[in-house]
Amino acid sequence: SMGAINFDDVEKEHPVFFIDRSFHGGAGNNKAMALLGKHLKSQYSERIQKPVPFPGRIKGQVFDEMYTWIALELVESFQDVKDIKEKMESDVERYLGQGVTAVHELEVMSWHELMAYMLFHKEWKEKSREQAFPVRQIFLDERVLQRLAKEQDALAKSGLFTDDFRGLLGVKFFADGAIGCETALMNDAYLDHGTGGHARNHHGRIVTRVKEAEAAMRQALRLGLDKVATHAIGDKAIARAIEFAQRWKDMGSKGGIDPKVRLEHFELPTPQSIRDTAGIGAWVSMQANFGVEEQVYGDRRGERMRLVCPHADMTNEGIPMMLGSDGMPKSMLYVVWSAMHHPDPRQRLDMISAMTAASAAAGTYEGSGRGVLRKGSQIDVVVATPDILAALENGKPADEYIANALKPSSERGAPKIRGHIGALEAGITKVFRQGRIVHDATKK
């Protein structure tokens with residue numbers, strides 16, 4: 001437990017934050033927490049003093065997801081934009097080696113991060129006019145969106161905020177948090193009655209309120225953006241996300257654009273919310289690995305955890321679906337494999353369906369034509385050995401992980417499921433992007 005650690009015992013002289021890889025929680029030593037307090041007072045004093053303040057908590061040196069995002073914003077404010085940009089370039093190189101030739105960035109949380117993306121895009125266009133920019137969509141946090149609205153003219157004059165870059169942008173909302181920290185918004189209460197630090201009869205957390213979402217949507221329209229994404233995990237949050245999507249559809253149509261909506265995670269939908277999603281024509285982007293890995297949260301949701309990420313229900317209802325990784329971990333082959341080995345056999349996708357949802361489906365969503373074979377077109381191709389097929393078909397690591405996850409927490413062994421990523425990606429030998437070779441493992 002992070003609350004049982006005195007982080008000054010880890011590092012005392014310099015301010016240090018410790019962020020969970022899910023971004024749904026973190027901690028800091030005393031110097032870091034002092035900096036966070038000053039940042040909150042200088043940048044968020046009005047929001048903190050509202051009748052409905054930040055839906056987050058700080059307890060000693062530990063904080064939850066709302067303050068995690070602000071802590072990351074604070075950390076990046078000390079970084080040089082060029083350094084952040086170079087990290088982005090390094091990430092793209094690594095993705096290419098994993099067979100990933102295009103990326104959707106689902107949460108830009110700081111101004112420095114947006115500036116880094118603008119610089120990355122500008123330099124890419126100057127150096128490689130024939131190769132499309134690899135980051136195909138970029139979704140902004142509401143706070144970043146508001147600042148962009150104020151500074152768009154100056155950024156346009158500098159050559160950073162172009163019409164081409166504008167076309168990549170959308171806005172993202174959070175309808176709730178996550179199951180692990182009991183902030184996913186549910187219709188029924190969590191089963192463990194407050195072991196996560198919450199009161200009894202706890203149902204999760206509302207993060208973005210309807211009025212806040214509408215205000216950001218209006219700002220997005222004024223900026224000429226056409227995309228909205230909403231993070232929603234719990235069933236009650238999914239219902240709110242569908243409401244956001246419908247409002248954006250109505251608002252965008254009246255504003256003269258073709259509004260695009262996507263629902264991120266969509267982990268615990270009800271049959272009605274699945275039908276409602278199909279009815280409004282929203283895309284769903286699921287993180288298939290959560291279907292396997294989140295079985296450890298049976299103490300919070302009981303048997304219902306077996307229904308996390310109902311992939312087959314989506315396709316059977318005709319809902320257009322993409323698969324993503326949420327960066328946890330950054331491996332799309334692991335996502336494909338997870339979709340093939342869902343704990344509920346009825347929700348498993350076959351290899352072709354899973355691979356399509358993790359690749360070509362994103363191009364269909366974009367409307368860019370990516371993923372469609374046409375005579376004379378420059379295509380993206382991953383060349384792999386037959387070993388990759390055997391690794392994808394091997395469901396033993398998933399079975400072992402789920403069996404371990406269903407044991408009482410005191411009896412569980414260390415999870416080893418992500419070790420299978422190496423077996424999946426070892427088969428990749430070459431990657432071609434738009435007809436050009438961008439990765440060649442045979443030369444290493």
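**Close-up views of a predicted model**

**View 1. Pro 329 sits in the loop that runs between S11 and helix H14 (332–340).** This is a predicted model, so take the close-ups below as views of a prediction. What kind of peptide bond joins Met 328 and Pro 329? The bond is cis, with omega at about -5 degrees. That deserves a look, because most peptide bonds are trans. Strand S11 itself covers residues 321–324, and we'll come back to S11 in the next view.

**View 2. Strand S10 (residues 283–287) is largely enclosed by the rest of the structure.** Why call S10 enclosed? Because five of its five residues are buried. On to the partners of S10. Strand S9 (residues 260–265) runs parallel to S10, and three bridges join the two.

**View 3. S9, helix H10 and S10 build a right-handed β-α-β unit.** Helix H10 takes up residues 271–280, and Ser 273 is part of this helix. Is Ser 273 buried or exposed? Ser 273 counts as buried, as its relative accessible area is 5%. Leave out residues up to four places away in sequence, and Ser 273 touches Ile 238, Ile 242 and Phe 266.

**View 4. Val 210 is in helix H8 (residues 210–223).** Which residues does Val 210 contact once its neighbours within four places in sequence are set aside? They are Arg 240, Glu 243, Phe 244 and Arg 247. For a sense of distance, look from Val 210 to Ala 232: they are 22 residues apart along the chain, and 14 Å separates their C-alpha atoms.

**View 5. Glu 182 has a positive phi, though it isn't a glycine.** The value for Glu 182 is about 60 degrees. Most residues other than glycine have a negative phi. You'll find Glu 182 in the loop between strand S7 (169–174) and H8. The relative accessible area of Glu 182 is 0%, so the residue is buried.

View 6. Cys 181 is in no disulfide, and the nearest cysteine sulfur, in Cys 309, is 16 Å away. Seen from Cys 309, the closest cysteine sulfur is the one in Cys 181, and 16 Å is too far for a bond. How exposed are these two cysteines? Cys 181 is partly exposed, at 23% relative accessibility, whereas Cys 309 is buried, at 0%. Cys 309 is in the loop between helix H12 (298–301) and helix H13 (311–316). Its backbone is worth a glance too: phi of Cys 309 is near 60 degrees, a positive value in a residue other than glycine.

**View 7. Gly 369 is in the loop between helix H16 (360–366) and strand S12 (381–384).** With a relative accessible area of 23%, Gly 369 counts as partly exposed. Leaving out residues up to four places away in sequence, Gly 369 touches Gly 363 and Arg 374.

**View 8. Zooming back out, the protein has 19 helices and 14 strands.** Its C-alpha atoms fill a box of roughly 60 × 60 × 50 Å along the principal axes. How does the radius of gyration fit with a compact globule? A compact globule of 444 residues would have a value near 22 Å, and the protein has 22 Å, so the two agree. Buried residues make up 52% of the 444 residues. If you take contacts with a separation of 6 or more, 72% link residues 24 or more positions apart. As for the surface, the protein exposes about 20700 Å², and carbon and sulfur atoms supply 52% of that area.

Note on methods
Residues are numbered from 1 along each chain as its sequence is written. This is a predicted model: local features need pLDDT of at least 70, side-chain atom pairs count only at pLDDT 80 or more; totals for chains, interfaces and linings use all residues. Side-chain values use heavy atoms; hydrogens and water are left out. Buried means under 20% relative accessible area, exposed over 50%, partly exposed in between (1.4 Å probe, protein chains only). Helices (H or I, at least four residues) and strands (E, at least two) are DSSP runs, numbered from the N terminus. Two strands pair if DSSP finds at least two bridges between them. A crossover is right-handed if, with the strands pointing away from the viewer, the path from the first strand over the helix to the second runs clockwise. The radius of gyration is taken over C-alpha atoms; the globule rule is 2.2 Å times the number of residues to the power 0.38. Contact means heavy atoms within 4.5 Å. Accessible areas come from the Shrake-Rupley method with a 1.4 Å probe; for residues, only the protein chains shown count as cover. A disulfide is a pair of cysteine sulfur atoms within 2.5 Å.
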